Amino acid sequence: MLTREDNELLVRVGPETAMGKLMRLYWIPFLLSRDVAADGAPYRVRLLGEDLVAFRDSAGRVGLVDQACPHRGAPLVFGRNEDGGLRCVYHGWKFAVDGACQEMPAEAANTPMLKKVRVKAYPVQERNGVLWAYMGPDAVPPPLPSLEWNMVPEQNAHVSMRIQECNWLQALEGEVDSAHAAILHGRVDAGGSIDQWKQAADLAPKFEVTQHEAGVHIASRRQVGKEQNYIRVNQFLMPFWTLVPPFSQYPELSGHAWVPIDDEHTLCIMFSYHPAQPFYEKTRKLFREGHNGRETGHASEHAFEPRPVTVPYATYWSKYKRENAYGYDPELARKYNAGMPGLWLQDAACQSGVTAIYDRSKENLGLSDSGVIRTRRVLLEAAKKLAQEGQRPPSVDASDKLLVRAISITIPAGADWMAAGREFMRAEPGKDFGYQP
């Protein structure tokens with residue numbers, strides 16, 4: 001369990017908080033490229049508790065600026081995106097993607113305010129269909145992180161986004177916890193493919209956790225017969241990344257960025273990809289459409305409930321939420337351990353179904369929580385070292401340390417999984433798995 005003080009430190013992400021300052025050292029994925037068109041409508045964003053607007057100018061450059069016009073606070077989400085800038089509809093002040101004011105139509109042509117006034121703006125980079133923001137203190141930001149899912153060709157990956165109504169760490173902890181998968185997602189009648197997973201044959205794996213410069217390897221060891229162990233190594237990477245091993249007949253690597261919108265809402269960016277070939281079209285269609293009314297690990301295109309343009313991430317709010325029990329159906333509960341219609345709904349219900357910020361001092365943790373415990377420890381240590389000593393985590397400036405994969409391998413019983421899996425855990429776009437998942 002955590003003390004209430006440490007729990008507060010981990011979940012609060014505003015500009016003056018310890019965790020907020022740690023997060024701001026890193027580039028943060030915040031939107032898909034397709035959400036902002038050149039000279040198209042601005043898009044409301046909230047990141048780390050800050051209210052912002054994203055837009056793409058006439059030349060294709062993306063800006064991320066304060067949502068309020070610095071003149072008299074009118075909402076820039078209503079702005080006209082035209083002629084190389086975002087124009088406030090109130091008095092016509094227009095701003096470039098870097099925050100510089102370009103025009104003040106109601107002021108004198110030679111007003112000194114034109115050179116002085118700026119709207120707060122954050123640098124944005126774009127790679128393979130994803131927009132990234134840097135909200136940190138460095139005048140020259142670090143390089144974009146070397147995360148394999150966003151470095152392979154776009155056709156090799158499927159990326160989706162959704163909002164989850166809980167703090168970022170509650171959501172993240174669900175994916176570093178591999179003990180839950182075969183239980184939560186299994187069936188009462190043992191009639192589904194999940195019950196054929198190797199991990200379903202051993203519901204009490206032995207956990208072995210190893211810390212490294214960019215995060216934590218979280219290995220679970222399961223007995224397969226008498227002479228083999230099935231090893232799954234999930235990954236936590238600083239500051240909010242998780243990676244999941246392959247396991248299906250269409251093997252892929254997957255994971256999430258659990259990006260804090262604010263203290264009580266998380267932008268869940270899920271990615272699935274093949275490192276060496278185009279992604280399976282059958283699987284991509286399944287992710288987009290779901291299957292027989294059920295959701296996969298990705299939010300389907302049918303799962304959303306649009307909100308007004310003034311609401312941050314208006315197009316990514318799920319129709320499944322705490323108020324409607326995440327689609328819980330007693331009939332589904334007769335077949336499945338959890339009566340929610342799909343994988344991510346089952347996870348979300350467990351992570352956010354009680355409250356947006358759970359009091360972790362009430363927990364009773366066991367050996368199966370080893371990955372969760374070590375992840376919290378790494379985050380607490382990093383936030384405190386930054387606050388007390390100004391020490392930055394190595395992964396901030398050496399982004400290649402994030403070139404890591406999650407793996408699922410079968411080895412002789414009792415063998416060293418780290419030695420057996422070291423090469424397979426080294427990510428390199430274009431390099432195949434190197435083993436049969």
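Mentor: Happy to; we'll take the overall fold, then the aromatic pairs, then a helix and the sheets. This is a predicted model, in which local features need pLDDT of at least 70 and side-chain atom pairs count only at pLDDT 80 or more, while totals for chains, interfaces and linings use all residues. Residues are numbered from 1 along each chain as its sequence is written, and side-chain values use heavy atoms, with hydrogens and water left out.

Trainee: Thanks. How many helices and strands are in the protein chain?

Mentor: The protein chain has eleven helices and 19 strands. Those are DSSP runs numbered from the N terminus, with helices being H or I of at least four residues and strands E of at least two.

Trainee: And why do you call the protein chain as compact as a globular protein of that length?

Mentor: Its radius of gyration is 23 Å, close to the 22 Å that the globule rule gives for 437 residues, so the chain is as compact as a globular protein of that length. The radius is taken over C-alpha atoms, and the rule is 2.2 Å times the number of residues to the power 0.38. Along its principal axes, the C-alpha trace spans about 85 × 50 × 45 Å.

Trainee: What share of the residues is buried?

Mentor: Of the 437 residues, 56% count as buried. Buried means under 20% relative accessible area, exposed over 50% and partly exposed in between, with a 1.4 Å probe and protein chains only. As for contacts (heavy atoms within 4.5 Å), residues 24 or more positions apart account for 61% of those with a separation of 6 or more.

Trainee: OK, rings now. How many aromatic pairs are there?

Mentor: A search of the whole structure turns up 14 aromatic pairs. Rings of Phe, Tyr and Trp (its six-membered ring) pair if their centres lie within 6.5 Å; planes under 30 degrees apart count as stacked, over 60 as edge-to-face and the rest as tilted. In one of the pairs, Trp149 and Trp241 have ring centres 6.0 Å apart and planes at 45°, so that pair is tilted.

Trainee: Where do Trp149 and Trp241 sit in the chain?

Mentor: They link distant parts of it, 92 residues apart: Trp149 is in the loop between strand S11 (130-134) and strand S12 (157-164), and Trp241 is in strand S16 (residues 241-244). Trp149 is buried at 3% relative accessibility, and Trp241 is buried at 2%.

Trainee: Which residues form an aromatic cluster?

Mentor: Trp132, Trp149, Phe240, Trp241 and Phe271 form one cluster.

Trainee: What about Tyr320 and Trp344, how are their rings arranged?

Mentor: Tyr320 and Trp344 are edge-to-face, 6.3 Å centre to centre with 75° between the planes. Tyr320 lies in the loop between helix H6 (281-289) and helix H7 (330-333) and Trp344 in helix H8 (residues 343-352), so the pair ties together parts 24 residues apart in sequence. Tyr320 counts as buried at 17% relative accessibility, and Trp344 is buried at 3%.

Trainee: Which ring does the charged end of Arg307 sit over?

Mentor: Arg307 has its charged end over the ring of Trp317, 4.0 Å from its centre. Arg187 lies over the face of Tyr336, at 4.8 Å from the ring centre. The test is NZ of Lys or CZ of Arg within 6 Å of the ring centre and within 35 degrees of the ring normal.

Trainee: Back to H8: why is it described as largely enclosed?

Mentor: Eight of the ten residues of H8 are buried, so the rest of the structure largely encloses it. The buried residues of H8 pack against S12, helix H4 (168-176) and helix H5 (181-184).

Trainee: Switching to strands, what does S16 pair with?

Mentor: Strand S15 (residues 228-237) is joined to S16 by three bridges, running antiparallel, and the two form a hairpin with three residues between them. S16 also pairs with strand S17 (residues 253-262) in the antiparallel sense over four bridges. Two strands pair if DSSP finds at least two bridges between them. Phe236 stands opposite Thr242 in S16, and the bridge partner of Thr242 in S17 is His256.

Trainee: Which way do the S16 side chains point?

Mentor: Trp241 and Leu243 point one way and Thr242 and Val244 the other way, and all are buried.

Trainee: Last one: what is the strand order in the open sheet that contains S5?

Mentor: That sheet has four strands in the order S5-S6-S7-S8, with antiparallel pairing. Strand S5 (80-82) and strand S8 (101-103) are its edge strands, each pairing on one side only.
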